[in-house]
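Q: I have not looked at this one before. Can we go through a few parts of it together?
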Amino acid sequence: MQNHEPILDVRTLGVGKTLILGLQHTFAMFGATVLVPILTGLPISTTLLFAGLGTLLFHLLTKGQVPAFLGSSFAFLGGYAAVAPLLEDGSPNTEMLPYACGGVFCAGLVYLLLSALIKGFGAGKVMRFFPPVVTAPIIIAIGLILAPSAINNCATNWPVAIIALVTVIFFNIWGRGMAKIVPILLGIIVSYIAALLMGEVSFEGISEEAILGLPPITLMKFDISAIITIMPLALATMMEHIGDISAIGATTGKNYIAEPGLHRTLLGDGLATCLAAAFGAPANTTYGENTGVLALTKVYDPRVMRIAAVFAIILSCVPKIAFVIESIPTATIGGISFILYGMISAIGIRNVVENHVDFTRSRNTIIAALILVCALGFNSIGGISFTVAGATISLSGLAIASLVGIIVNAILPGNEYVFPEDVKDNNDKFQTYKL
């Protein structure tokens with residue numbers, strides 16, 4: 001099945017427009033990326049710095065082929081809460097945060113181990129456990145799990161959120177020229193102006209911010225209990241990584257698991273996480289928000305993501321600009337997320353259709369049903385926690401769904417999926433294997 005919608009090439013857009021596209025991706029990732037340090041007590045500027053550096057490292061290791069942005073991972077929040085909970089007054093637990101970062105560093109090493117196994121045995125043997133009947137429902141679940149946060153953000157000021165949402169839709173459908181490919185940025189600008197007129201934006205404290213300043217660096221520390229608590233979370237986040245790479249591939253029509261290879265994307269994600277954790281920033285992960293922007297704009301050039309990474313690095317060193325961006329109303333972020341999160345689920349549905357997943361087969365229906373119910377059901381109760389060797393391990397609903405889907409797919413008879421390792425373009429492989 002071919003994608004007949006136009007795909008834009010930044011080479012025809014020019015430097016100025018390409019920079020604006022990169023800035024749009026920076027805005028898309030910003031809200032979620034800074035939320036993780038807010039919840040954990042880690043520095044926001046350090047988080048932005050290593051999100052940018054981690055993205056550039058990922059692109060280097062994946063030969064610059066995958067249009068992905070690496071932002072803060074929410075999957076490790078339970079680990080941070082267990083090892084370094086915020087103090088009673090809400091201030092950061094500066095004594096234990098370095099140990100939590102040490103645990104995240106070790107989790108990043110697990111990515112490297114799986115990358116080596118895939119490199120040694122081939123993606124085909126590994127991807128037999130991750131057919132579209134598993135990864136597509138996971139992609140759908142990612143968007144559905146994020147949906148409530150979009151509604152909650154919108155609820156802080158529905159008029160502002162609706163202005164952002166309507167602006168995005170208007171320019172995406174009826175926009176002309178550059179306006180059509182930067183609807184997210186335009187939505188933020190129009191909604192921000194509306195919020196200013198409503199008195200919803202405050203610049204109090206901006207005069208106290210320095211014009212330039214280096215982000216604070218805190219070196220990680222190691223503790224066996226923290227490692228045991230956090231390291232197993234990598235098993236779940238790696239499954240999410242495969243889902244994210246599948247979502248990006250489904251969006252762009254490229255088989256990134258085949259080329260540059262799943263071993264390279266895992267290596268890039270793992271090393272980016274190790275780098276961030278080593279210097280006091282949250283774990284990195286490929287960002288669904290930016291995948292949503294790809295689907296909306298049809299601009300898939302990885303260089304745009306690298307530009308976004310550079311903007312993130314610059315923002316980390318310019319506190320005043322970061323302050324202004326942080327002043328973007330929560331409702332504006334909600335209005336933008338409203339459509340972006342839905343786009344992620346829509347990508348999952350598209351993945352099911354284009355890969356001809358046969359839901360007349362009971363095994364496929366059962367696998368998809370278990371994934372969706374586990375993801376949404378367990379997420380609604382905050383996941384599950386259990387104790388191993390005196391350490392508490394928490395698994396999110398998405399992590400549980402990923403593990404259940406993989407296990408059930410491996411156990412049930414009739415797995416006929418053959419991963420086409422030598423095919424680079426998804427549009428060429430849709431007719432080549434049975435599901």
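Q: Which residues are buried in α13?
A: This is a predicted model, in which local features need pLDDT of at least 70, side-chain atom pairs count only at pLDDT 80 or more, and totals for chains, interfaces and linings use all residues. Residues are numbered from 1 along each chain as its sequence is written, and side-chain values use heavy atoms, with hydrogens and water left out. The buried residues in α13 are Gly288, Glu289, Asn290, Thr291, Gly292, Val293, Leu294, Ala295, Leu296 and Thr297. Buried means under 20% relative accessible area, exposed over 50%, and partly exposed in between (1.4 Å probe, protein chains only). Helices are DSSP runs (H or I, at least four residues), numbered from the N terminus.

Q: Why is α13 called largely enclosed?
A: Because ten of its ten residues are buried, α13 is largely enclosed by the rest of the structure.

Q: And Thr291, what does it touch?
A: Leaving aside residues up to four places away in sequence, Thr291 touches Ala247, Ile248, Thr251 and Ile347. Contact means heavy atoms within 4.5 Å. Thr291 has a relative accessible area of 6%.

Q: How do α13 and α16 cross?
A: Their axes come within 8 Å and cross at roughly 80°, with helix α16 covering residues 330-354. α13 and α16 therefore count as roughly perpendicular (65 to 115 degrees; under 35 is roughly parallel, over 145 roughly antiparallel, the rest oblique). Axes are lines fitted to C-alpha atoms, for helices over the stretch in contact, and angles run from 0 to 180 degrees between N-to-C directions.

Q: What comes just after α13?
A: Lys298, which takes a positive phi of about 65°.

Q: Different topic. Which residues form the nonpolar patch on the surface?
A: Ile151, Trp158, Ile162, Val166 and Phe338, with about 430 Å² of accessible area together. Areas come from the Shrake-Rupley method with a 1.4 Å probe, and for residues only the protein chains shown count as cover. Patch residues have over 30% relative accessible area and no salt bridge; nonpolar side chains (Val, Leu, Ile, Met, Phe, Trp, Tyr) are joined within 5 Å, like charges within 9 Å. A salt bridge is a side-chain nitrogen of Lys or Arg within 4 Å of a carboxyl oxygen of Asp or Glu.

Q: Which helix gives the most to that patch?
A: Helix α7 (residues 158-174), with three residues. Val166 lies in α7 and is partly exposed at 48% relative accessibility.

Q: Last one: where is Leu112, and what does it touch?
A: Leu112 sits in helix α4 (residues 97-121). Not counting residues up to four places away in sequence, Leu112 touches Leu267, Gly270 and Leu271.

Notes. Helix = DSSP H or I, 4+ residues; strand = E, 2+ residues; numbered from the N terminus.
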